[in-house]
Amino acid sequence: MSTESVRLDIRNIAIIAHVDHGKTTLVDHLLRQSGTFRENQVVAERVMDSNDLEREKGITIMAKNAAVRWGDIKINIVDTPGHSDFGGEVERILSMVDGVLLLVDAAEGPLPQTRFVLKKALELNLIPIVVINKIDRSDARAPEVLDEILELFIALGADYHQLDFPVIYAIAKQGKSTLSLNTPAETLAPLLETIISTIPPPTYEAAKPFQMIITALGWSDYIGRIAIGRIQTGSVKMGDSVVLIRPDGSIEQQRITKMYAYEGVQRAEIQEASAGEIIALSGFENVHIGDTISDPSCTEPLAYVNIEEPTIAMEFSVNNSPFAGREGKHVTTPKIRERLFRELRTNVALRVAETDSPDTFKVSGRGELQLAILIETMRREGYEFAVSKPEVLFKRNEDNKLLEPIEHVIVDVPDAHIGTVIEILGRRKGEMVNMTPTGDVIRAEFYVPARGLIGFRTEFLTSTRGSGIIHHTFHDYQPYKGTITGRTKGALVSMETGSSTAYALEMVQERGVMFVNPGTEIYEGMVVGENSREDDMSVNPCRAKHLTNMRASGSDGIVRLDPPRQMSLEQFIEFIEDDELLEVTPVNLRIRKKILDSTARQRAAKRSKNQADA
Ligand SMILES: Nc1nc2c(ncn2[C@@H]2O[C@H](COP(=O)(O)OP(=O)(O)OP(=O)(O)O)[C@@H](O)[C@H]2O)c(=O)[nH]1
Ligand SMILES: [Mg+2]
């Protein structure tokens with residue numbers, strides 16, 4: 001018979017929430033108030049958002065570990081991302097913890113990703129603490145939000161024990177919390193005390209040998225690859241022999257050469273560790289997420305949580321534009337293949353597959369932002385390649401019926417614009433399920449095919465004049481909803497190779513919105529702007545003014561150019577159509593037609609139109 005033992009000196013928790021509800025800010029203050037930093041130490045805001053793109057975008061992309069001490073107890077904390085594209089990160093780490101802090105913004109209330117992460121936590125029987133954050137907001141409506149949270153728990157089938165969650169009100173930004181809205185919030189002590197009294201300490205079967213599952217991988221320039229996980233059973237010492245067991249059952253002998261535990265945001269070397277602790281190991285070069293590290297006497301791998309499947313895919317291919325190889329450092333198929341497959345080691349919600357074409361790979365993920373972050377990371381590392389329009393991944397059910405991913409969408413829009421938004425989402429096959437006034441705005445809830453959301457953000461922001469907010473998360477698979485029309489405007493495509501001139505651009509800009517400045521290197525088949533009409537148009541942005549030609553466009557002969565449209569990587573990805581590619585280099589982003597030659601392209605377009613008509 002096995003006996004359960006308890007580690008009373010430890011608590012393991014994750015902080016989960018919708019994007020921007022204040023998780024990383026709360027971790028900052030938990031670290032500060034538990035004495036992690038020296039009195040006068042200068043610490044960056046949102047210290048856990050440590051990678052460049054996280055700091056630039058102000059969002060968390062990867063889940064990360066930290067630890068604080070409160071009294072005699074060590075609290076291991078995992079900060080998680082709230083953006084739905086990185087939901088896989090949350091699923092990945094939940095097996096490390098016994099409880100969660102579910103943060104909810106006191107004004108915004110529960111949003112799609114609140115539902116997604118809470119569902120995952122409840123499925124794993126984790127103990128929740130609800131933290132209603134940002135009660136300092138002038139539009140805070142904490143009591144109502146608490147009702148909405150309770151409804152959400154019930155809708156997700158929480159059991160009686162889980163429904164009995166404690167509630168903390170907080171101002172993460174000021175490091176304050178309170179158990180009641182009638183008591184002013186002062187420090188985070190009420191939250192820390194609640195964590196200790198509510199979240200169960202880790203338990204384990206005392207008789208079992210050492211086993212842990214790797215749930216995160218890190219990298220340090222000093223110590224190389226770092227494998228992170230929670231010890232499920234047994235204990236381990238420096239120098240111990242262990243085995244690395246892959247999910248397929250294959251086994252590798254290894255030795256523990258360096259071991260660390262988290263102290264604040266640092267890793268501190270330790271000599272031994274036992275069940276319930278979250279530790280990091282170095283020296284395991286070939287380890288992957290989901291591998292088990294075990295005492296050699298035990299060769300059964302531990303079960304790893306299933307992660308939701310990707311819903312969206314893009315093709316990454318070798319750049320074959322006329323400018324290929326000019327700007328990138330890594331441009332060949334083997335380099336791109338190696339980089340993409342390497343990404344799979346840490347990015348658990350991503351898939352990479354070979355395709356019929358040897359220099360093209362299909363990369364699938366949870367959303368456009370997840371793929372955009374990979375693209376941006378690769379281009380900063382010196383990679384050059386081309387990507388296709390994101391396509392949604394369909395499935396078939398037992399009756400061979402075509403199913404497509406449906407997203408749960410919530411929009412907050414001022415009264416004046418809600419009609420337009422309902423109209424646009426209707427056109428994109430969205431189904432409205434709820435509409436309520438929330439504060440100063442109307443909150444409307446929809447189920448929309450993921451297909452219908454590609455390119456939607458730009459249209460949404462334009463139609464609400466930037467005043468609307470949209471949140472969405474994967475909901476489920478449903479029968480195919482029928483055709484959705486794509487971009488409503490065509491492209492202005494260059495018919496020339498050369499350098500753009502102000503003279504030519506002044507004429508071309510009459511046709512739509514330009515993407516390029518004068519003096520830009522351009523090739524035939526490159527997209528230089530957006531047409532104001534639906535179809536594509538060939539233009540010549542490189543035409544030089546002949547000195548003998550006295551015709552001037554303005555009476556004074558001065559060229560007037562509108563500033564070109566500046567697009568972010570995400571906007572470029574939203575813009576491209578099926579017959580286009582985005583050329584990505586460390587220096588430039590260019591949209592091009594897949595077929596560069598104008599005549600060949602027109603012929604191909606005619607052929608596919610004939611096929612569609614037939
Ligand atoms: N007014 C107010 N703002 C807060 C509070 N807590 C956090 N914020 C702000 O909310 C924004 C988002 O905070 P983050 O801590 O990055 O949120 P997050 O939940 O970690 O976001 P993701 O990791 O991207 O999901 C920041 O601008 C914070 O300053 C609070 O208590 N009150
Ligand atoms: Mg964060």
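**View 1. Eight strands side by side in an antiparallel sheet.** Eight strands make an open sheet here, lined up as E14-E13-E19-E10-E11-E18-E15-E16, and the pairing is antiparallel. A strand is a DSSP run of E with at least two residues, a helix is a run of H or I with at least four, and both are numbered from the N terminus. Two strands count as paired if DSSP finds at least two bridges between them. Look at the edges: strand E14 (251-255) and strand E16 (266-269) each have a single partner strand, so one side of each has no neighbour in the sheet. Neighbouring strands are turned by 40° against each other on average, ignoring direction. Such angles compare axes, lines fitted to C-alpha atoms (for helices, over the stretch in contact), and run from 0 to 180 degrees between N-to-C directions.

A quick note on the model: it is predicted, so local features need pLDDT of at least 70 and side-chain atom pairs count only at pLDDT 80 or more, while totals for chains, interfaces and linings use all residues. Residues are numbered from 1 along each chain as its sequence is written, with chains lettered from A and ligands numbered from 1 in the order in which they are written.

**View 2. Zooming in on E15 and E18.** Strand E15 (residues 258-263) pairs with strand E18 (residues 278-282) in the antiparallel sense, over four bridges. What is the bridge partner of Met 259 in E18? It's Leu 281.

View 3. Strand E2 (residues 10-17) and strand E5 (residues 99-105) run parallel, paired over five bridges, with Ala 14 opposite Val 100 in E5. Touching means contact: the C-beta atoms of two residues, placed from the backbone, lie within 7 Å.

**View 4. Who sits around ligand 1?** Of the 21 residues around ligand 1, Gly 22, Thr 25, Ile 59, Thr 60 and Gly 82 come nearest. A residue is near a molecule or strand if its C-beta atom, placed from the backbone, lies within 6 Å of it. Helix H1 (residues 23-33) gives the largest share of this shell, three residues.

**View 5. Two helices packed together.** Helix H10 (residues 415-427) and helix H12 (residues 456-463) pack at about 160°, with their axes 10 Å apart. That makes H10 roughly antiparallel to H12, since angles over 145 degrees count as roughly antiparallel, those under 35 as roughly parallel, 65 to 115 as roughly perpendicular and the rest as oblique. His 417, Thr 420, Val 421 and Ile 424 of H10 make the contact with Glu 459, Phe 460 and Ser 463 of H12.

**View 6. E20 and its partners.** Strand E20 (residues 312-317) runs antiparallel to strand E22 (residues 360-365), joined by six bridges, and Glu 315 stands opposite Lys 362 in E22. Two bridges join E20 to strand E24 (residues 391-392), also antiparallel; here Ala 313 stands opposite Glu 391.
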